[in-house]
Amino acid sequence: MKTKKWIPNVIILVLVLALYVVLSVLISANIINPYYSGILTMVCINVILAVSLNLATGFLGQLVLGHAGFMSVGAYAASLFTMYSGLPQIISFPIALLVGGLVAVVFGVIIGVPALRLKGDYLAILTLGFGEIIRVLILAVPFTGGAAGLSGIPLLTTFTYVFILAILTVGIIFAFIHSRHGRAVIAIREDEIAAEAAGINTTYYKLLAFVMAAFFAGVAGGLYAHHIGVLDPGKFNFNYSVEILIMVVLGGMGSITGSVIAAVVLTLLPEALRGFSEYRMLIYSIILICVMLFKPSGLLGQYEFSIARIFKRLTHKKADAEKEA
Amino acid sequence: MDILAQVLNGLGIGSIYALVALGYSMVYGIVQLINFAHGDIIMVGAYVTYVGLVMAGVPLWAAVLISILFCGIAGVLIEKLAYSRLLKKGAPRISLLITAIGVSIFLQNLSQLLFSSSAKSMPAMFPNGMLELGALQVSSNTLLNIGTSIVMMIALQLLVNKTKIGKAMRATSEDAGAAKLMGISTSSTIAFTFGVGSALAAVGAVLYCNTFHQITPYMGGMLGLKAFVAAVLGGIGSIPGAMLGGYILGVAESLTTAAGGSQITDAIVFGILILVLLVKPAGLFGKNTREKV
Amino acid sequence: MAVLETKNLGIAFGGLRALEDVQISIGEREIVGLIGPNGAGKTTMFNLLTDVYVPTEGSIELEGKSIVGKKTYQITQNGISRTFQNIRLFKDVSVIDNVKIAMNFQMKYSVLSGIFRTPAYRREEKEVEARALDLLKVFHLDSKADDMAKNLPYGQQRKLEIARALATNPKVLLLDEPAAGMNPTETRELMETIQLIRDRFEISILLIEHDMSFVMGICEHIFVLDYGKIIAEGSAEEIRNNPKVIAAYLGGE
């Protein structure tokens, strides 16, 4: 029996749509109150951040310690765009998100070119430095509101926006990974020297994957800014970068499914365990070390949830049953 | 003359970077790991000194000694608990880096829980006075920093080049597999290297306390970053390189501040790192090594 | 005409001259051996040919064009591909993807095309799938196409590495100790495979090997390296009877 290839795709589309409809209905009926819908928005933003960081850290194999830094440049760029472009908001917001992503890309290139031409772990230290330095720069330049923060950002981020963009991010990165370009990126993680010997331009692909990750972090920053309405340079600190990293590590480096699940759980869990907030980073650090020591591939490893596989299994079972009958 | 005074001042602060950079460089030289937790060891050293000197009221020499011993032992323990298992099974580099970051966050947050996140102020530890060097005025603290760093560097050079354990360190760094076959206990050599690096960081911590009089749980972050830049600038793995890198960085910072750019000194340091990686990634004294295939 | 030719090739590490004045020449569809005692500089030679090291002197020409100063990946794209002494596969990647990765540079579709699954993406992916499977069939690996490379037994990992090197459509294939760790049966099989590769893909092969019966049995021309210099070259027969070679291997006069 021949499995029709489009069926799993349709199932995924239907499931995603159903999830969207259910959640939006619950929100508009106020069953999910604004407080919880705010958390839902943060879940989606963190999904974008975790999945994009996974591209750089899980698939490319380069440790990035300044994802929140890319988020912050995206956030400021996007906010300044909606505040000063003078375009009607319905047009300016999507452009602003794109601008946020592109500005993050520019910074990604500045960091990535010196670090990624070289073999070794320079990207980790450069991104760590970037995450710290960008705060200083935001305080130093005149148009960011300085230490007081940037306020008066129009609240344009709706649930529909974050949901669609989270799904798009997951879809785009998934498709990228399963193209020839994604294979090249994974080859570099596996063995950079062998990848080069196989004709892969490793510098190009390292930069490509890293900059893509920065782009989505920038977009996530734009969504965040227009969700909260004020930007405080202190928000995008090292701890936030680590929180995103732990989503990737815990979920499984190289598993998009794992990143999504970890992003959802690790956004919801602290809300539920507010009493433990002062121990949160301490617990995170112990989790990081323990995962590396005992299950370095993370909880899901490189496993991906696949409707196609489930579908295949079901249809095979059915076929077997029919054969037996 | 004013510039010269700033340069001296910079050398004083650069000496602290240099001491931290030595630890980065030694560890990187032997296991090719950027030990992110190294900056936080300084913080540990500072707090141990604080506990000894201010809370327990022990004499200065004892507080310093305890701090150095404590950090040395902490360095060995961290290596044994967090890294050695990964090093033994040849785990991918990224696993080691993530572990190092984990240790760094752990130390920061542990000390925040123990001592709260607000800054603690340190009393002056050594008598400080202005010395006249010709037309130049130098604080004795600056000279203390510079002198200590030079003594430490020489001691370290002797340790690495003249002693048996130093030979083991060089052999392990050259080829761990071969060193093992020659009967060198590479795992205890690596642990020893961590211990020495951390003890040096404690010396740096004492100088830091004596210079800045304020400590926080997060002080190791930026300090560690700068020391790492110093190590890369000098050529990672090279002891004199780490020293020189520290001095250059300290002077660059002090001159930037004097020129009215105190807000962006951190950014300047970072710019230096980018520049070094672009122009001379092996650093001033570094060897150009390529992975064996 | 020679496909690959080096002249006065040399490299020094610090003061140590690892290779000196090396001239080798490999003809079309020739199987050439590079032998010599341990530490003679054989793998260094491969590393020079693929820009892992940059020569301090001399030239390397592929079909008459210099490749010195080109990046490793460019050299591969120009037609020299290699295997490694210690197998370097993409371990956590499927067998077929190991091969497809080496075909990456022959594919054209863009990043966006890959993301949006355009017809170009579909067509090229279909092509590459078929080509990769064909290549795996040559090595009897097609039934394991979807296995992880790390789960293959040792002998098959060696074969997969050769298949991956061939996937780049090389003009010259460099094999670094292809028979290392193989039993006599596997070695014999490998000899046949190498001859088959040469005939089927019409390429030249330069190989490093310690197993003398292997080298003598398969190579049409042999170069002998000792202390970084070529001390002899010629057919298997000539090399076998060359007193310099015998001295180099047995040590002393």
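## Buried, exposed or in between

A residue is buried when its relative accessible area is under 20%, exposed when that area is over 50%, and partly exposed in between. The structure shown here is a predicted model. E189(C) has 34% relative accessibility, so this residue counts as partly exposed.

E189(C) has a partner. Its side chain meets that of K159(C) in a salt bridge, at 3.0 Å from N to O. E189(C) lies in helix α7 (residues 184-201) of chain C and K159(C) in helix α6 (residues 154-166) of chain C, so the bridge ties together parts that are 30 residues apart in sequence. K159(C) has 16% relative accessibility, so it counts as buried.

## Other salt bridges

Over all chains, the structure holds 21 salt bridges. One of them joins the side chains of E161(C) and R164(C), at 3.8 Å from N to O. These two residues sit three residues apart in helix α6 of chain C, so about one helical turn separates them. Both E161(C) and R164(C) are buried.

Another salt bridge pairs the side chains of R198(C) and D199(C), at 2.9 Å from N to O. R198(C) counts as buried because its relative accessibility is 12%. Chain B has a network: salt bridges that share partners link K226(B), E253(B) and D266(B).

## Two helices that cross

Two packed helices are described by the angle between their axes and the distance between the axes. Take helix α10 (residues 238-251) of chain A and α12(A). Their axes come within 10 Å and cross at roughly 40°. The crossing of α10(A) and α12(A) is left-handed.

Which residues in α10(A) meet α12(A)? They are N239(A), V242(A), E243(A), I246(A), V249(A) and L250(A). On the α12(A) side, the residues are R280(A), M281(A), Y284(A), I287(A), L288(A), V291(A) and M292(A).

With 40% relative accessibility, I283(A) counts as partly exposed.

Which helix gives the most to the nonpolar patch? Helix α11 (residues 256-272) of chain A does, with three residues.

Key: Residues are numbered from 1 along each chain as its sequence is written. Chains are lettered from A and ligands numbered from 1 in the order in which they are written. This is a predicted model: local features need pLDDT of at least 70, side-chain atom pairs count only at pLDDT 80 or more; totals for chains, interfaces and linings use all residues. Side-chain values use heavy atoms; hydrogens and water are left out. Helices (H or I, at least four residues) and strands (E, at least two) are DSSP runs, numbered from the N terminus. Buried means under 20% relative accessible area, exposed over 50%, partly exposed in between (1.4 Å probe, protein chains only). Axes are lines fitted to C-alpha atoms, for helices over the stretch in contact, and angles run from 0 to 180 degrees between N-to-C directions. A crossing is left-handed if the near helix is turned anticlockwise from the far one by less than a right angle, and right-handed if clockwise. Contact means heavy atoms within 4.5 Å. A salt bridge is a side-chain nitrogen of Lys or Arg within 4 Å of a carboxyl oxygen of Asp or Glu.
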